[in-house]
Amino acid sequence: MAKQAFKAESKRLLDMMINSIYSNREIFLRELISNASDAIDKMYYKALTDDSLTFDQKDYYIKIDADKDSRTLKVMDTGIGMTEEELENNLGVIAKSGSLAFKNENEIKDGHDIIGQFGVGFYSAFMVADKVTVITKAFGSDQAYKWESTGADGYTIEPSEKETVGTEIILTIKENTEDESYDEYLEEYRLRSIIKKYSDFIRYPIKMEVTESRLKEGCEDEFEEYKEEQTINSMVPIWKKNKNELTDEDYVNFYQEKHYGFDKPLKHIHIKVDGTIRYNAILFIPENIPFDYYSKEFEKGLELYSSGVLIMEKCADLLPDYFSFVKGMVDSEDLSLNISREILQQDRQLKFIAKNIQSKIKRELENFLKNDRDKYELFYNSFGRQLKFGVYNNFGQDKDVLQDLLLFYSSKEEKLVTLDEYVSRMPEAQKYIYYATGETNERIARMPQTELVADKGYEILYFTEDVDEFAIKMLMSYKDKEFKSVASGDLDIDEESKEKTKAEEKENKGLLDYMKETLSGKVKDVKISTRLKNHPVCLTADGEVSIEMEKILSAMPNNQEVKADKILEINADHEVFQSLKTVFEQDTEKAGLYTNLLYNQALLIEGLPIEDPIEFTNDICKVMV
Ligand code: ADP
């Protein structure tokens, strides 16, 4: 029988996993038990929903069996089993859940990253075994199959014998090396403590032959040992327990056992609702962004259980898009087992639960922000973008839910602030919430457009993400204060300078008109600036579309050619303006040259491309000679 090779990526991953110095080898057992439990869930669900099947609670269990003589550890389950094809598809490919886009193999110091992120749970067996044998018989099939592999060089599949439906995984445990002992994975007490630690909440009994001792019959002081099958786990699912019985570690173990994420959760939310509709939920806010989170492949959703039986792995209807980062599970006695996906969407109970969960998450995030700001900022760095999308999406219908969870960088505080903090600090005379957009905080701080507002002593929010300005446009105002870009047409700040500017515009009408004509098609208008202090020129936008928005929209695949109405503002107090005035009186052609130079300068400051760089450099040379 020919040996089949693992798919190329799988082999690489497997090599890394086997050889990675992984401190936490014991979790292989958690992975195998978790798979076994999933397989029984599937069988159990079938039995419950198919009237032609009879079932008995005691038919569903997992059994662990260690044998020191043959150095084997068996994990067997009465789950749904695998067909030949499933063996091939499920165990022949590792990392099916994502491409192996590791930046650097050194990053995988901690094997857990791989295990969680790519769903290679089964393969963790190779951390402790040099041979893994899987004998399995699928539900509805008469033929059993055996899969076998000694690691990265491939695997074999052949027909085999097995009485009952289910799966048996046999690990041939590695010999001890100088630095590592593997014997412990054959020790009863050790296995027992690993099961207790990671798999106590598994809903099916995990049975094991355990050695006990008792008084020898007829003796008073002599003991004899005997074997007895015991159930090791308590079987009470964590979500049914009381919060005060559980430690943070229990929640973290549950999160990892369930593969909700490869990190540690930042926060857990344990919900028990006992009203007209009853449900329990355990929700997690991850710390890190899942690798596919901001891609089309990402699927949101919570696991959905009906009275402890898993009925759906990813119930999307339980989470709004803006909270799609939340992981976890919901269990309700009030949901029918037989419910189909289509009916589920209409289900009144489910709608109620979804609404309830949504407001609980919101409240928890608000408390999080209030009571643990540093950690909240970690969360916000990962998922703040999603909240902002949430404000923007659906024409802003969810903005009220989300506006108090937003943070933006503040020019004055030099850290992230909430809108409420901003507004509460506004001086009486300040009418608007000012913001500026740009690539980085450092660049924004140096933008000429911020000069006047900053000079007034007003705080400016720095927007560095694509979505920021779109979200704010949707929000329009916060606590009756409108948002205003420092680069928008009229800043409405300084009445006095407005008068002065008007006078200057009148005085220099000839020059301004000439400039406008020179730049026709490029800018809508040329004006004396009220906002510039030290810089000679800047570009601002008139109307709804800002220059930043134009940049973002034109970078989109279906470029819609949306253009901002640009205004070239010129600083009448700047020396350059005086030179411009002089050349305009003496040599209009030169004034045209200056105008083009100034316009191109303004484009550069904005981070916009110059239309004709050759002409621009030629122009500079002309001025220099
Ligand atoms: P994951 O569990 O994250 O999908 P694994 O590598 O642990 O990844 O398992 C791959 C697949 O193999 C599982 O999704 C499941 O379909 C199948 N499988 C593993 N163990 C069992 C088992 N004991 N019984 C039935 N199917 C199993």
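In the predicted model, T136 stands opposite Y145 in β4. Strands β3 (residues 129-137) and β4 (residues 144-149) pair in the antiparallel sense over six bridges, where pairing requires at least two DSSP bridges between two strands. Strands (E, at least two residues) and helices (H or I, at least four) are DSSP runs numbered from the N terminus. Residues are numbered from 1 along each chain as its sequence is written. Local features of this predicted model need pLDDT of at least 70, side-chain atom pairs count only at pLDDT 80 or more, and totals for chains, interfaces and linings use all residues, while side-chain values use heavy atoms, with hydrogens and water left out.

An open sheet of eight strands with mixed pairing has the order β5-β4-β3-β6-β2-β1-β7-β8. Because β5 (155-160) and β8 (223-231) stand at the edges, each with a single partner strand, one side of each is left without a neighbour in the sheet. Neighbouring strands of this sheet are turned by 20 degrees against each other on average, direction ignored. Helix α5 (residues 188-199) lies across β1 (62-67), β2 (72-77), β7 (206-215) and β8, and runs at about 130 degrees to β7. Axes are lines fitted to C-alpha atoms, for helices over the stretch in contact, with angles from 0 to 180 degrees between N-to-C directions.

N600 is placed in helix α19 (residues 588-606). N600 has a relative accessible area of 10% and is therefore buried (under 20%; exposed is over 50%, partly exposed in between; 1.4 Å probe, protein chains only). Leaving aside residues up to four places away in sequence, N600 touches I610 and F616 (contact: heavy atoms within 4.5 Å).
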